[in-house]
Amino acid sequence: MSDRPDRSEYPAYPVGLRLAGRRVVVLGGGTVAQRRLPALLAAGADVLLVAPSATATVEAMAEAGELRWERRAYRPGDLEGAWYAVVATDDAEANAAASAEAEERRVWCVRSDDAESATAWTPATGRSEGVTVAVLTGRDPRRSAAVRDAVVEGLRDGTLNAPRHRARRTGVALVGGGPGDPDLITVRGRRLLAEADVVIADRLGPRDLLDELPPHVEVIDAAKIPYGRAMAQEAINDALVHHAKAGRFVVRLKGGDPFVFGRGMEEAQALAEAGIPVTVVPGISSSVSVPGAAGIPVTHRGVAHEFTVVSGHVAPDDPRSLVDWAALARLRGTLVLLMAVEKAGAIAAALVEHGRDPHTPVAVVQEGTMAGQRRVDATLATVAERIRAEGVRPPAVIVVGDVVEVGRDTGGLR
């Protein structure tokens with residue numbers, strides 16, 4: 001009778017392995033290896049892959065020099081010098097032999113085919129700004145993944161209260177909030193928003209996220225900052241500098257992307273001149289996301305190999321315009337116009353005057369990604385009248401080009 005304890009009666013002992021520079025052997029190059037390898041490589045492990053073949057993704061890792069790959073089946077002795085092993089071949093006998101070798105050499109070993117025979121289990125893991133969450137629930141991996149996801153999501157969006165006990169964040173973060181739907185802000189943007197002391201928000205930012213902020217967070221509507229005789233942007237810059245110098249962490253929440261017609265660089269320059277650290281968080285630009293939400297691809301094989309994004313807040317005949325409308329009219333690709341509802345008629349006329357077909361399809365997408373999203377279709381010849389007839393108001397994105405017809409039957413991709 002064996003005096004070895006029945007390990008199934010005992011819980012696994014959780015531990016974090018520091019594998020940087022240490023040898024890890026992965027047997028098998030299939031989908032299990034494909035899932036496990038990125039985390040091992042991110043941990044700095046010296047990975048040896050032993051497998052006759054591998055998935056394209058795993059093969060690309062080997063070709064990039066991220067790991068060493070010996071294209072053969074497992075052989076006794078492969079685990080010599082290893083600190084950790086992942087056994088994931090489709091050969092049950094090879095898996096059993098490798099597991100036995102790991103036991104003999106005292107190498108912690110994970111088995112994809114027989115968890116009970118393994119000496120280690122892989123937890124469901126996730127990461128959020130320097131925190132690694134690892135969850136083990138014994139023989140219920142789906143529950144492990146569900147718990148992991150809930151904890152990581154809570155850390156990311158700030159709903160799980162895990163306050164820092166070291167120096168808190170300072171300075172200013174220029175956060176792109178995306179096109180309007182609060183779910184389309186980036187993970188990093190939402191996390192920084194949860195850490196803010198002050199939020200200076202644009203009208204077109206994801207407003208719903210402001211309701212989730214704790215009561216102590218001061219929310220400032222950028223449109224209501226007292227401007228006096230100063231330019232609006234100068235007043236916003238001054239407010240950012242003022243609150244940051246007072247020791248508060250400030251989030252400048254902007255619609256779309258801070259550097260796509262968002263004056264983000266002007267704010268970054270003003271903060272840099274004041275000696276205030278700036279973090280820039282890119283956002284999903286409405287120039288791509290809003291057409292996509294309405295079922296319009298800005299590029300499509302055989303239809304458009306290019307797309308150009310233009311600000312339409314200045315009319316083509318305005319001496320302040322920096323746009324070469326004649327050159328734009330000659331392009332065959334997609335033209336995306338932002339802030340162009342009021343000037344749509346003048347812009348369409350300029351494009352036609354410089355050679356663009358007046359029958360070119362046009363789509364106007366109002367309040368894209370939001371509950372009130374709607375799409376109005378027209379042509380360059382009719383877009384101004386259609387905007388008036390339908391009562392289209394900003395914010396809206398105007399798409400010009402044959403891609404408008406490509407996505408007409410989708411009804412929008414919500």
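Colleague: Is Arg148 buried or exposed?

Modeller: Keep in mind that this is a predicted model. Buried means under 20% relative accessible area. Arg148 has 18%, so Arg148 is buried.

Colleague: Which residue does the side chain of Arg148 meet in a salt bridge?

Modeller: The partner is Asp149, at 2.5 Å from N to O. Asp149 is partly exposed, with 41% relative accessibility.

Colleague: How many salt bridges does the structure hold?

Modeller: The structure holds 17. One of them joins the side chains of Arg68 and Asp46, with N to O at 3.6 Å. Arg68 belongs to strand S3 and Asp46 to strand S2, so this pair ties together parts that are 22 residues apart in sequence.

Colleague: What is the relative accessible area of Arg68, and what is the relative accessibility of Asp46?

Modeller: Arg68 has 40% and is partly exposed. Asp46 has 33% and also counts as partly exposed.

Colleague: Now the sheets. How do strands of a sheet pair?

Modeller: They pair through backbone hydrogen bonds, and the sense is either parallel or antiparallel.

Colleague: In what order do the strands run in the open sheet that holds S1?

Modeller: The order is S3-S2-S1-S4-S5, five strands with parallel pairing. Strand S3 (68–70) and strand S5 (108–111) stand at the edges. Each has a single partner strand, so one side of each lacks a neighbour in the sheet. From one strand to the next, the twist averages 15°.

Colleague: Which helix packs on that sheet?

Modeller: Helix H3, residues 92–105. H3 touches strand S1 (23–27), strand S4 (84–87) and S5. The direction of H3 makes about 160° with that of S5.

Colleague: Over how many bridges do S2 and S3 pair?

Modeller: Strand S2 (residues 46–50) pairs with S3 over three bridges, in the parallel sense. Val50 stands opposite Glu70 in S3.

Colleague: Where is Thr55?

Modeller: Thr55 is in the loop between S2 and helix H2 (56–63). Thr55 is buried, at 18% relative accessible area. Setting aside residues up to four places away in sequence, Thr55 touches Gly29, Gly30, Thr31 and Gln34.

Colleague: On to the other sheet. What is the pairing in the open sheet that holds S13?

Modeller: The pairing is mixed, and the five strands are ordered S13-S14-S17-S15-S16. At the edges stand strand S13 (307–311) and strand S16 (374–379). Each has a single partner strand, so one side of each is left without a neighbour in the sheet. The twist averages 20° from one strand to the next.

Colleague: In what sense do S15 and S16 pair?

Modeller: Strand S15 (residues 361–366) and S16 pair in the antiparallel sense over six bridges. Val362 stands opposite Ala378 in S16. Helix H11 packs on this sheet, touching S15, S16 and strand S17 (396–400). The direction of H11 makes about 145° with that of S16.

Colleague: Which side chains meet in a salt bridge at 3.1 Å?

Modeller: Those of Arg386 and Glu390, N to O. Both residues lie in helix H11 (residues 383–390), four residues apart, about one turn of the helix. Arg386 counts as partly exposed at 30% relative accessibility. Glu390 is partly exposed too, at 33%.

Colleague: Is Val198 buried or exposed?

Modeller: Val198 counts as buried, at 1% relative accessibility. Val198 lies in strand S9 (residues 198–201). Leaving aside neighbours within four places in sequence, its contacts include Val217, Ile220, His243 and Phe249.

Colleague: How far apart are Val198 and Asp183?

Modeller: They are 15 residues apart in sequence and 21 Å apart in space, C-alpha to C-alpha.

Colleague: Last, the surface. Which residues form a nonpolar patch?

Modeller: Phe259, Met265, Val278 and Val280 form one, with about 300 Å² of accessible area together. Patch residues need over 30% relative accessible area. Val280 has 32% and is partly exposed. Val280 is found in strand S12 (residues 278–281).

Terms used:
Residues numbered from 1 in each chain as written. Predicted model: local features only at pLDDT ≥ 70, side-chain atom pairs only at ≥ 80, totals over all residues. Heavy atoms only, no water. Patch = residues over 30% accessible without salt bridge, like charges linked within 9 Å, V, L, I, M, F, W, Y side chains within 5 Å. Areas by Shrake-Rupley, 256 points an atom, 1.4 Å probe, with all protein chains shown as cover. Salt bridge = Lys/Arg side-chain N within 4 Å of Asp/Glu carboxyl O. Helix = DSSP H or I, 4+ residues; strand = E, 2+ residues; numbered from the N terminus. Buried < 20%, exposed > 50% of the residue type's maximum accessible area, 1.4 Å probe, protein only. Pairing = 2+ DSSP bridges. Axes fitted to C-alpha atoms, helices over the stretch in contact; angles between N-to-C directions. Contact = heavy atoms within 4.5 Å.
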